[in-house]
Amino acid sequence: MPITELLEKNAKEYPNDVCLVEINPDVHEKKRITWKEYELIQPDTKSHYRREITWNIFDEKANRIANFLMSRGIKKGDKVAILMMNCLEWLPIYFGILKTGALAVPMNFRFDSEEIRYCLNLSEADALIFGPEFVGRLEEIVDYFEEDELLFFVGTDCPSFAEDFEELVADCSSEKPDVPLSDEDDAVIYFSSGTTGFPKAILHNHTSLMHSCIVEQKHHGQTKDDVFLCIPPLYHTGAKMHWFGSLLSGSKAILLRGVTPKTILETVSNEGCTIVWLLVPWAQDILLALDRGDVKMEDYKLDQWRLMHIGAQPVPKSLIKRWKEYFPNHDYDTNYGLSESIGPGCVHLGVENIEKVGAIGIPGYGWEAKIVDPDGNEVEKGTVGELIVKGPGVMTCYFNDEEATKESLKDGWLYTGDMAQTDEDGFIYLVDRKKDVIISGGENLYPVQIENYLSKFPKLKDVAVIGIADERLGEIAAAVIELNPDTECTEDEVNEFCMKLPRYKRPRKIIFADVPRNATGKIEKPKLRKMYHSVNLVAAQNES
């Protein structure tokens with residue numbers, strides 16, 4: 001069935017049950033709040049901003065949004081982009097778009113102006129729905145928008161180049177729009193990127209979305225009584241697909257804006273969270289805060305917390321060992337996936353296999369996985385090859401990119417670009433990445449982008465960016481800088497030059513050294529990785 005039917009089912013079966021709660025510790029309760037008729041602010045949360053909606057209201061809002069978009073000409077097959085921070089409006093907008101038969105196009109809120117413009121063009125977006133955090137970035141590119149391109153603003157103080165979305169939606173019908181949908185209909189476009197940093201548009205249908213719901217619920221056993229704490233951004237397949245387990249079970253989820261150990265533990269305690277998905281840095285921060293006594297277990301109600309799972313980057317064994325010392329009763333799982341495989345779960349460890357921490361796991365529910373040589377032949381256990389996966393959640397294609405699709409999809413198998421091997425029990429271990437992408441704190445960094453920026457530094461002769469191990473973030477970007485002859489330079493000068501880069505893209509380490517290139521002029525990154533001990537980084541983390 002199309003995924004929209006799950007929302008409608010929950011609205012009928014659990015109309016008055018709370019399904020979504022937004023908590024934002026950084027917003028004072030006196031600040032103007034949208035959707036006032038649905039807000040609920042708790043007096044004892046002080047500066048915490050808390051709103052909630054029920055399944056019935058969620059579905060009604062999605063219907064209003066769908067009917068409004070259709071009144072403005074959005075039809076089946078069109079594309080509507082979402083550029084918003086996590087908030088209570090995000091998911092109703094996503095489902096409202098799907099109910100029109102159009103494709104939802106979630107966009108990374110870290111995109112700069114040019115990346116926003118590039119991805120809107122790449123996906124052929126007909127409309128953009130955006131939040132207040134992005135007004136400045138859009139002002140820089142507003143002249144590039146076509147006259148018939150729709151720009152809708154969600155928030156207060158609507159800019160002159162956009163229309164006030166909430167005001168326009170408020171008077172629209174809350175009845176389900178009469179748009180037939182099938183499992184094979186296109187549903188979403190997500191963005192991925194190779195080592196060059198230029199995104200690819202990944203097309204999925206409703207079958208993919210529904211399979212991700214089933215996979216998540218099968219892996220983590222969500223019931224109606226569970227409460228899922230969602231912290232990562234909803235534009236990311238990982239966050240949304242883990243929430244899909246709550247959608248399938250009709251259970252409640254908490255959207256938390258804030259990743260300090262205190263806000264996480266406080267929210268788990270106050271909201272009765274039973275399942276929490278963390279990134280490695282957040283888990284490490286919690287452990288360090290507990291070690292220092294900055295937070296104390298006895299200050300919180302945590303007995304109901306049953307599952308902590310991690311994704312988006314390799315997980316050190318030492319982290320889980322320390323976690324179990326503080327939380328001995330927690331189940332633990334890790335998930336592996338790509339946006340091309342509708343996010344997490346095509347491979348997963350399984351809560352019953354904690355003795356295999358370090359592995360990414362075994363094929364997920366309904367998935368197949370193999371490790372193959374360059375000719376596509378399956379290798380023997382213990383031999384390194386490329387991980388490929390197959391299942392109902394594999395993308396339809398790279399949108400408008402036939403060549404890239406042919407490279408990644410072969411006979412229904414998705415070639416992941418990750419190098420892996422299996423142990424004697426069939427558990428899969430990542431040993432290195434075929435691509436040069438650096439995964440730092442769960443975010444992808446693209447070396448070529450950083451290298452291109454640094455190449456403008458006047459004292460620089462050559463530059464190469466590689467990932468090196470970091471205890472907290474998994475990897476950090478290190479810039480190997482070869483200076484012009486007879487030139488002196490300090491790390492501070494380079495760091496100052498990088499201040500115009502987005503913070504997460506700035507190199508965390510500067511190394512002054514020659515940059516090796518081969519006979520064809522390509523940077524010899526394998527040699528650099530060996531020199532700076534980043535060879536087989538993933539395997540090294542698995543052994544830590």
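This is a predicted model: local features need pLDDT of at least 70, side-chain atom pairs count only at pLDDT 80 or more; totals for chains, interfaces and linings use all residues.
## Ground rules

Local features need pLDDT of at least 70 and side-chain atom pairs 80 or more, while totals for chains, interfaces and linings use all residues. Numbering starts from 1 along each chain as its sequence is written, and side-chain values use heavy atoms, with hydrogens and water left out.

## The sheet

Strands are DSSP runs of E, at least two residues, and helices are runs of H or I, at least four, numbered from the N terminus; two strands pair if DSSP finds at least two bridges between them.

## Aromatic contacts

Trp55, Phe58, Trp90, Tyr94, Phe95, Trp243 and Phe244 are linked into a cluster by ring pairs (Phe, Tyr or Trp rings, six-membered for Trp, with centres within 6.5 Å; planes under 30 degrees apart are stacked, over 60 edge-to-face, the rest tilted).

Two arginines also sit on rings: Arg110 lies over the face of Tyr504, 4.4 Å from the ring centre, and the charged end of Arg117 is over Tyr144, 3.8 Å from its centre. The rule is NZ of Lys or CZ of Arg within 6 Å of the ring centre and within 35 degrees of the ring normal.

## Helix H10

H10 gives the largest share of the largest pocket's lining, 3 residues.
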